[in-house]
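User: I would like to go through this model with you, starting with the side chains and moving on from there. Could you put it on screen?

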Amino acid sequence: MKGSQRRMAALTTGVAIIIEALLGAWLVLAELVADDASVMRAISVPVHLVNTFFLLGALTVTAWLLSGDRTFRWQGPDRRMISLGVLGLVLIGASGAVTALAGTLFPSESFAEGFARDFDATSHFLTRLRILHPIVAILSGVYLMTQAQRRKDVAPRLATSITGLVAVQWGVGFLNVVTLTPLAAQVIHLLLADLLLVAWVLFATELMQDADSRDSVEV
Ligand code: HEM
């Protein structure tokens, strides 16, 4: 059981790395780069980011399995909550990638101008889609926070990390909008999103851990 889970997790990580490379190659070969504002690019870029999340998630599970004598079992009432949390993160990531693409292709001169363009029927569809990201991030963030607190008993530090990361991420997100996304804020926002994903996956593995492989370290 332990060996097969480790092999499966490592194999899944390997497959995710290959898909990541293929998606990157596709973006370049199909010329979905520079000032291309096509529907195909608007689909490919979020798909690429979602696969990055998948890769990071698989890598996290592999590391968790290898860092102790532990296994997990996908069963019990928490499965639905974990799945909804993953769905929320995927929606946040995909909508965030669209927002980042719109910001790159159609940069705003000021916060007021950018805000007006979001609701202007004549704006490019990518600009009008930008507004979805904060809405999805706030709704899904509330879900992640409340569920982490609800199951705090299993992994108190991870629950606190998830709650803190969502709160800080909201702040950095708003800062991104108000300051017209300087590079440093973009990088910090993406880094925090990755850390949130890792924290949620670790939280899930702790909830799903096999009772007989549970250790006494507080996480
Ligand atoms: C749980 C909270 C949030 C998470 C996990 C999150 C995650 C992300 C991700 C993954 C991206 C794509 C980054 C990239 O592809 O470079 C992104 C972009 C962005 N997000 Fe968020 N976000 C959150 C909340 C917010 C909020 C509340 C706002 C504020 C309105 C916001 C504003 C933005 C902006 C402006 C971008 C584009 C930045 C760029 O050009 O790189 N985010 N977000």
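**Aromatic residues, metal site, core and charges**

Analyst: Phe 115 has a relative accessible area of 44%, which makes it partly exposed. Here buried means under 20% relative accessible area and exposed over 50%, with partly exposed in between (1.4 Å probe, protein chains only).

User: Before we go on, what are the ground rules?

Analyst: The model is predicted, so local features need pLDDT of at least 70 and side-chain atom pairs count only at pLDDT 80 or more, while totals for chains, interfaces and linings use all residues. Residues are numbered from 1 along each chain as its sequence is written, and side-chain values use heavy atoms, with hydrogens and water left out.

User: Back to the rings: how many aromatic pairs are there?

Analyst: There are four aromatic pairs. Two rings of Phe, Tyr or Trp (its six-membered ring) pair if their centres lie within 6.5 Å; planes under 30 degrees apart are stacked, over 60 edge-to-face, and the rest tilted. One of the pairs is Phe 115 with Phe 119: the ring centres are 5.2 Å apart and the planes stand at 65 degrees, so this pair is edge-to-face.

User: And is Phe 119 buried or exposed?

Analyst: Phe 119 is exposed, at 53% relative accessibility. Together with Phe 111, residues Phe 115 and Phe 119 form one aromatic cluster.

User: Changing topic: which protein donors does the iron atom of the ligand have?

Analyst: The protein donors are the NE2 atoms of His 133 and His 189, lying 2.0 Å from the iron atom. A donor is an N, O or S atom within 2.8 Å of the metal (3.2 Å for Na, K and Ca); water is not among the atoms, so sites may look incomplete.

User: What is the geometry of that site?

Analyst: The site is octahedral, with six donor atoms and angles of 88 to 179 degrees among them. Six donors count as octahedral if opposite donors are over 155 degrees apart and all others between 65 and 115.

User: Where do the two histidines sit?

Analyst: His 133 is in helix α6 (residues 132-150) and His 189 in helix α8, so the pair ties together parts that are 56 residues apart in sequence. Helices are DSSP runs (H or I, at least four residues), numbered from the N terminus. His 133 itself is buried, with a relative accessible area of 14%.

User: Now the packing. Which residues have the most contacts inside the largest nonpolar core?

Analyst: They are Ile 82, Leu 144, Ile 162, Leu 196, Trp 200 and Phe 203, within a core of 31 residues. A nonpolar core joins buried Ala, Val, Leu, Ile, Met, Phe, Trp, Tyr and Cys residues through side-chain atoms within 4.5 Å.

User: Which elements give two or more residues to this core?

Analyst: Those elements are α2, α3, α6, α7 (156-178) and α8. Helix α8 gives the most, with eleven residues.

User: What does Leu 196 touch?

Analyst: Leaving out residues up to four places away in sequence, Leu 196 touches Leu 89, Leu 144, Ile 162, Leu 165 and Val 166. A contact requires heavy atoms within 4.5 Å. There is also a second, separate core of six residues, including Ala 42, Leu 101, Ala 102 and Leu 105.

User: On to charges: how many salt bridges does the count give?

Analyst: The count is six salt bridges, each being a side-chain nitrogen of Lys or Arg within 4 Å of a carboxyl oxygen of Asp or Glu. One of them pairs Arg 73 with Asp 210, the closest N and O atoms being 2.8 Å apart. Arg 73 belongs to the loop between α2 (39-66) and α3 (78-105) and Asp 210 to the segment after α8 (183-208), so that this bridge links distant parts of the chain, 137 residues apart.

User: Is Asp 210 buried or exposed?

Analyst: Asp 210 is buried, at 7% relative accessible area, whereas Arg 73 is partly exposed at 40%.

User: What about Glu 113 and Arg 117?

Analyst: Their side chains form a salt bridge with closest N and O atoms 2.9 Å apart. Both residues lie in helix α4 (residues 111-118), four residues apart, about one turn of the helix.

User: Last topic: what is the phi of Glu 31?

Analyst: The phi of Glu 31 is near 60 degrees, a positive value in a residue other than glycine. Most residues other than glycine have a negative phi. Glu 31 lies in the loop between α1 (2-29) and α2, and is exposed at 58%. Leu 180 also has a phi near 60 degrees; Leu 180 lies in the loop between α7 and α8.

How values were computed:
Tetrahedral: all angles 85-135°; square planar, octahedral: opposite > 155°, others 65-115°.
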